[in-house]
Amino acid sequence: MAQESLHRVVVIVDANSNPFELGCATEVFGLRRTEELGRELYDFTLCSPAPETLMRDGFFTLTGVAGLEAAESADTLVVPNRPDVEVPRRPAVLAAVRRAHARGARLVGFCSGAFTLAEAGVLEGRRATAHWQWADAFRARFPGVRLEPDVLFVDDGDILTAAGSAAALDLGLHLVRRDHGAEAANAVSRRLVFAAHRDGGQRQFVERPVPDVPDESLAPVLAWAQERLDEPLGVDDLAARAAVSAATLHRRFRAQLGTTPLAWLTGERVALACRLIERGESRLDVVARRSGLGTTANLRARLHRATGLSPSAYRHRFGPV
């Protein structure tokens, strides 16, 4: 693929921006992928409204990046995120966001980036999320935005927002999956040593991010289930494998993954169905059976809900050339 035909991702970095989310965007969209995929996925550019940008708490100064004019040609524009949410954003940055939105660019806000989008006026009447710590402040300032404070990220079509720092990786991988398919997203996640797929509707935080007792870890039962997705596994089967009751299993999934066992199983099966289609399997009944989704009707419904595409459209977009 020629460089000029690549989807162009531009990240605006402004004063007091968070380095972590900048790193997430760089890792997901900016690194070369020839080793993993044999091709590049994006044309990536950092830009700033000033020649020197002092990052959060003065950790370091960013220099040598493009000027704000680079945002004018972005296909996807990642807006600034900064912890001082009460400080107004630069008018030039807000104007660049409005122009990008008006010409149909995709807008992305990580963590407090939702404040930038809302201040630019592009979130009015739209769905969005932000870090749970700032949910009350966000609602008070922007009552016209439909804030969803207890999810990892929100995909509202041409505007996407991620809740907290690590959720920036979840949203980034979601965009790779949306743009290039499940195989590409899996390759990027392997490079990151990060979960390939966490559904955006999962909770922002879990009760116990690191299990207190090693034998309560869900990792063994998750690995066991991932090898048997084509079998008629249900919650009772997972509970039996973990040697706990179904109620206990639900509590552990909520505490450690922020989701339910059934939702996790469904997500894994949809991801497997996507990979099968990308690898060239054209028989929908075979895809449905091998992924554990059962029927072609269920496959169609689940795939459309997850990707917005029918199986044939997904094959046309991400299947073998």
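**View 1. Helices H6 and H7 cross at roughly 150° in this predicted model.** H6 covers residues 167–180 and H7 covers residues 182–192, and their axes come within 7 Å. Angles over 145 degrees count as roughly antiparallel, so H6 is roughly antiparallel to H7. On the H6 side, the residues in contact are Leu169, Leu173, Val176, Arg177 and His180. Their partners in H7 are Ala182, Ala184, Ala185, Val188, Ser189 and Leu192. Sort the residues of this contact by type and you get eight nonpolar, two polar and one charged.

**View 2. Helix H9 packs against helix H10 at an angle of about 90°.** Here we're looking at residues 235–242 (H9) and 246–256 (H10), with the axes 9 Å apart. That angle makes H9 roughly perpendicular to H10. H9 brings Val235, Asp236, Leu238, Ala239 and Ala242 to the contact, where they meet Ala246, Leu249, His250 and Phe253 of H10. The tally for this contact is seven nonpolar, one polar and one charged.

**View 3. Seven strands line up in an open sheet with mixed pairing.** Reading across, the order goes E5-E2-E1-E6-E7-E11-E10. The edges belong to E5 (66–67) and E10 (153–155); each has a single partner strand, so one side of each is left without a neighbour in the sheet.

View 4. Look for Val154, which stands opposite Thr161 in E11. As a reminder, strands of a sheet pair through backbone hydrogen bonds, either parallel or antiparallel.

Key:
Residues are numbered from 1 along each chain as its sequence is written. This is a predicted model: local features need pLDDT of at least 70, side-chain atom pairs count only at pLDDT 80 or more; totals for chains, interfaces and linings use all residues. Side-chain values use heavy atoms; hydrogens and water are left out. Axes are lines fitted to C-alpha atoms, for helices over the stretch in contact, and angles run from 0 to 180 degrees between N-to-C directions. Helices (H or I, at least four residues) and strands (E, at least two) are DSSP runs, numbered from the N terminus. Angles under 35 degrees count as roughly parallel, over 145 as roughly antiparallel, 65 to 115 as roughly perpendicular and the rest as oblique. Contact means heavy atoms within 4.5 Å. Ala, Val, Leu, Ile, Met, Phe, Trp, Tyr, Cys and Pro count as nonpolar, Asp, Glu, Lys and Arg as charged, and the others, Gly among them, as polar. Two strands pair if DSSP finds at least two bridges between them.
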